Amino acid sequence: MEEVWAKAYSSSANLGPGFDVLSLAHDAYYDVVSISAKNGAGDIKVEKIDGPFSSNVSENNSASYAIRYMMNDLKLNNYDISIKIWKGIPVSSGLGGSGASAAAAVFALSNVLDLGLKREELIKYAGQGEIVSAGVPHYDNVSASLLGKLVVVGNIDDNILAYSFDINASFIIFRPINYYLENKTQYMRSLLPKFVEFKHHIHDTANLGILISSLLKGDLKAAGKAMNDTIVTNARAKAVPCFMEIKEALHNEGAYGVAISGAGPSIIVLYEKNAENLINTGLNIYKKCNINAEAKIVRPAQGTKILYGDNWGFSESA
């Protein structure tokens with residue numbers, strides 16, 4: 001039985017105005033998924049789930065769901081598949097944990113069976129895994145984890161298009177610790193309005209264009225100003241602990257942009273200097289809200305990669 005290990009990084013989707021189309025892969029956390037394949041009858045088994053954030057991951061997870069969909073779609077039912085997951089990304093944190101597991105799983109399966117799939121095909125299959133957490137497929141986090149860096153993704157005429165861009169920027173991730181909400185992503189999606197005013201659509205579309213353009217040009221101040229939207233964040237802000245208080249305080253301390261990371265509760269901050277002061281300010285506000293939290297300085301991460309070696313095991317240093 002051949003075994004392949006793949007590593008995929010965490011990500012922050014939306015960055016304000018880019019709901020479901022914009023995501024940033026970053027080096028805050030990562031997942032590792034192993035796929036083994038042998039001739040068989042199409043059985044798919046989750047053999048082991050380990051890692052610091054494995055306790056809330058069941059056998060019906062994004063990786064196994066994506067693999068099952070991929071196997072059926074490609075008619076690969078003459079193989080038995082074994083899945084191992086090392087969960088290094090906090091669950092239900094808004095940091096693309098389900099997307100990273102799905103991305104690593106489909107990438108590993110494509111490699112172990114030498115399928116030679118295009119990146120858009122990998123994104124399609126990984127995005128199906130998001131049904132487990134979100135109730136619907138979506139492609140922003142899986143695209144970031146698969147391709148790395150800053151990713152823009154969309155579905156045009158039933159074809160997925162995704163583009164990855166290098167950016168030179170630093171961010172801070174704030175994450176409430178010991179926060180877990182069952183079906184959190186589905187709940188946060190349920191808060192979104194079914195109809196929006198046209199002026200709000202124009203505002204958020206303009207900000208999205210400016211955000212992407214300014215990040216590519218290196219104008220971080222303009223990018224930070226564009227990390228604001230009137231549709232999604234306004235609908236979700238009250239469900240994200242301390243978000244408005246932290247956003248105001250960090251802007252006052254010189255942060256360029258502050259946004260909910262994905263569906264929250266984590267927060268992503270674009271900055272250029274005074275990181276220690278920004279971290280202390282944010283953590284102090286969490287403390288006033290009686291919430292334990294951590295902060296990490298992060299940079300854009302590379303895409304999913306195969307790990308080579310004899311033993312990638314399940315230690316915390318995987």
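This report describes how helix 2 packs against helix 5 and helix 3 in a predicted model.

Two packed helices are described by the angle between their axes and the distance between the axes. The table gives these values for the two pairs.

| Helix pair | Axis angle | Axis distance |
|---|---|---|
| Helix 2 (residues 97-112) and helix 5 (residues 140-147) | about 55 degrees | 8 Å |
| Helix 2 and helix 3 (residues 119-129) | roughly 130 degrees | within 8 Å |

**Helix 2 with helix 5**

The axes of helix 2 and helix 5 lie 8 Å apart, at an angle of about 55 degrees. Helix 2 is therefore oblique to helix 5. The crossing of this pair is right-handed. On the helix 2 side, the contact is formed by Gly-99, Ala-100, Ala-103 and Phe-107, and on the helix 5 side by Asn-141, Val-142, Ser-145 and Leu-146. Sorted by class, the residues in this contact are five nonpolar and three polar, with no charged residues.

**Helix 2 with helix 3**

Helix 2 and helix 3 cross at roughly 130 degrees, and their axes come within 8 Å. This angle makes helix 2 oblique to helix 3. The crossing of helix 2 and helix 3 is right-handed. Helix 2 contributes Ala-102, Ala-103, Val-106, Phe-107 and Ser-110 to the contact, while helix 3 contributes Leu-122, Tyr-125 and Ala-126. By class, seven nonpolar residues and one polar residue make up the contact of helix 2 with helix 3, and no charged residues take part.

Terms used
Residues numbered from 1 in each chain as written. Predicted model: local features only at pLDDT ≥ 70, side-chain atom pairs only at ≥ 80, totals over all residues. Heavy atoms only, no water. Axes fitted to C-alpha atoms, helices over the stretch in contact; angles between N-to-C directions. Helix = DSSP H or I, 4+ residues; strand = E, 2+ residues; numbered from the N terminus. Parallel < 35°, antiparallel > 145°, perpendicular 65-115°, else oblique. Left-handed = near helix turned anticlockwise from the far one by under 90°. Contact = heavy atoms within 4.5 Å. Nonpolar A, V, L, I, M, F, W, Y, C, P; charged D, E, K, R; others polar.
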